[in-house]
Amino acid sequence: MAQSPITPPASGDHEPPRLHDSEHWTPLGYFAIYRLLLTGLLLVLHLLGQTPPPFGSLAPSLYVGVIYIYLAAAFLAGVAVRTRMLPFNHLVDLHTFTDIVCITLLMHASGGLSSGLGMLLVVSVAAAGMLSVGRTAILFAALASLAILVEQSFLLLNAPAHIAREAINYPQAGMLGATLFATAALAHTLARRIRASEKLARQRGVDLANMAQLTDYVIQHMQTGVLVTDAADQIRLINTTARQLLGLGSQPVVGESLERVVPALHKQLQSWRRGERQKADLLEIPPGGQKVLPHFMPIGSGADSLVFLEDASDASQQVQQLKLAALGRLTASIAHEIRNPLGAISHAGELLEESPALEPADKRLLRIILEQSKRINAIIESVLHLGRRARARPERIELVPWLQRFVEEFQRHATCQPGDISLTVADENLAVQFDPVQLHQVVWNLCLNGLRHAAAAPAPKVELHAGRSGGDAWLDVRDHGPGIPPEVAEHLFEPFFTTEGKGTGLGLYLARELAESNRARLLCLPPPDGGARFRLVFAR
């Protein structure tokens, strides 16, 4: 089933991440967990009395209070990230500002820069550089550097002299500030490049998805059937046309064994793999039904196989069109060369028949001349009609109402009695594609043949049965005559083949030609209870 094309989210370096962008919220959640683990570790060490020196050495009460406040802030920030109660950028700013304030206070309570807690600011500034947009990361680096300088100045002004000499180190504060700026700039640059790479990868993914969707659409709508099997002869891909040609309908066959689904095709595939044949044979799906011509090709490393399936009726239809074109030129010559002399012979015979001096034997011979002239003229008319046959213009036909009207018309105009023709329908919703004029000609021809051969049979002499099997609509024309011998059935659809002295041998040939021009099939099937049965299988 075709899906709508995927469109990439528009994002850039100066656009804040969207609320539904999980690739931005997930890293923020990781940093929220990091803050919880950091503050929880500091609190556990304090409660166990294992606080490493010099943590909290200068102001123990301030140190403990900040830990509790920092833990509560980290917990609330984690809840905010989880519930996304605030915009993404606001949460990043709030987290970073809280880190700068709390870590600076912890550093002050632990004796300043010498405690080493100032390095935690590097982590917070780096996180801000990766998650924020624009120049916000540089702003936080400046705030963190300013907080360090303020803390050092506060120690200088308020701490005892002996403590101030050990805790105050402006060169170290400057180095840490420079580190913060470098970290912020580097993290921001890397994050910008990562976002650009993600955007490019996302666009490439969209392009590949659209290309895969387009490829699938093209394959599914190809007029040629496509089937792909793996090394174990399991079906990996099959398009709509292949399903129709193989008579599979909508049943799920992907992942199934080809040997189970279409044994005849699997047998030819195995022969091709073994190198026993280069050209495949025609398949009849089902036996006696539609003819399919397969072509095999290796794909990939050679373990998988690509099978193209062509409707053999298309090629035969092209051949028939060429035959009809040649026949049309031939019929023009026949009409010119034969019809005029034949008309003169018939006219002379009619005039001679009016002579009172004819002997009875001569009249009998004259009747033979006139009858045979009419037969030749009928043959010429049939050939001319075949050569001048209009191109099929298929329309959607509701088959059941059409058949009901046809039966009424046939009973009025054909030489039959009421009840000689019957109609049985298995599906009231049958709809077919066929040229209405040509369908009328085909069914009328079949019914006349059936009525003629079943002249001595009880009513109904001709039966029409309509139904559906395997997704194909069909129409049966059955009669209760003597049936068709097997040796005759082989040549039944050949032109000019007839078993009657008065027949032209073109009726069934023309009926099949009309059916094939509408992509339908006319078959002769032996009925189980005798007589003759012709089945017209309509195109899907």
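Q: Which residue takes a positive phi in the hairpin of strand 9 and strand 10?
A: That's Gly470, with phi near 60 degrees, and the hairpin has two residues between its strands. This is a predicted model, where local features need pLDDT of at least 70 and side-chain atom pairs need 80 or more, while totals for chains, interfaces and linings use all residues. Numbering starts from 1 along each chain as its sequence is written, and side-chain values use heavy atoms, with hydrogens and water left out.

Q: What makes strand 7 and strand 9 a pair, and in which sense do they run?
A: Five bridges join them, in the parallel sense. Thr424, for one, stands opposite His465 in strand 9.

Q: Why are strand 7 and strand 11 at the edges of the sheet?
A: The open sheet has five strands in the order 7-9-10-12-11, with mixed pairing. Strand 7 (421-425) and strand 11 (521-525) each have a single partner strand, so one side of each has no neighbour in the sheet. The twist from one strand to the next averages 20 degrees; angles here run from 0 to 180 degrees between N-to-C directions, with axes fitted to C-alpha atoms (for helices, over the stretch in contact).

Q: How do you know that helix 13 packs on the sheet?
A: Helix 13 (residues 399-413) touches strand 7, strand 9 and strand 10, and a contact means heavy atoms within 4.5 Å. The direction of helix 13 makes about 175 degrees with that of strand 7. Helix 16 (residues 507-517) lies across strand 11 and strand 12 (532-537), at about 135 degrees to strand 11.

Q: Why is Thr96 called buried?
A: Buried means under 20% relative accessible area (over 50% is exposed, in between is partly exposed; 1.4 Å probe, protein chains only). Thr96 comes in at 2%, so it's buried. Leaving out residues up to four places away in sequence, Thr96 touches Arg35, Ser124, Ala128 and Phe140. Thr96 sits in helix 3 (residues 88-109), where 16 of the 22 residues are buried. Across the 540 residues of the protein, 41% count as buried.

Q: Why is the pair of Phe406 and Trp444 called edge-to-face?
A: Rings of Phe, Tyr and Trp (its six-membered ring) pair with centres within 6.5 Å; planes under 30 degrees apart are stacked, over 60 edge-to-face, the rest tilted. Phe406 and Trp444 have centres 5.9 Å apart and planes at 90 degrees, so edge-to-face it is. Phe406 is in helix 13 and Trp444 in helix 14 (residues 436-453), 38 residues apart. Ring pairs also link Trp402, Phe406, Phe410 and Trp444 into a cluster.

Q: What makes the rings of Phe434 and Phe538 edge-to-face?
A: The centres are 5.8 Å apart and the planes are at 85 degrees, so that label applies here too. Phe434 is in strand 8 (residues 431-434) and Phe538 in the segment after strand 12, so the pair ties together parts 104 residues apart in sequence. Phe434 is buried because its relative accessibility is 0%, and Phe538, at 2%, counts as buried.

Q: How do you know that the charge of Arg535 sits over the ring of Trp474?
A: The test is NZ of Lys or CZ of Arg within 6 Å of the ring centre and within 35 degrees of the ring normal. The charged end of Arg535 is 4.0 Å from the centre of the Trp474 ring and sits over it.

Note on methods: Helix = DSSP H or I, 4+ residues; strand = E, 2+ residues; numbered from the N terminus. Pairing = 2+ DSSP bridges.
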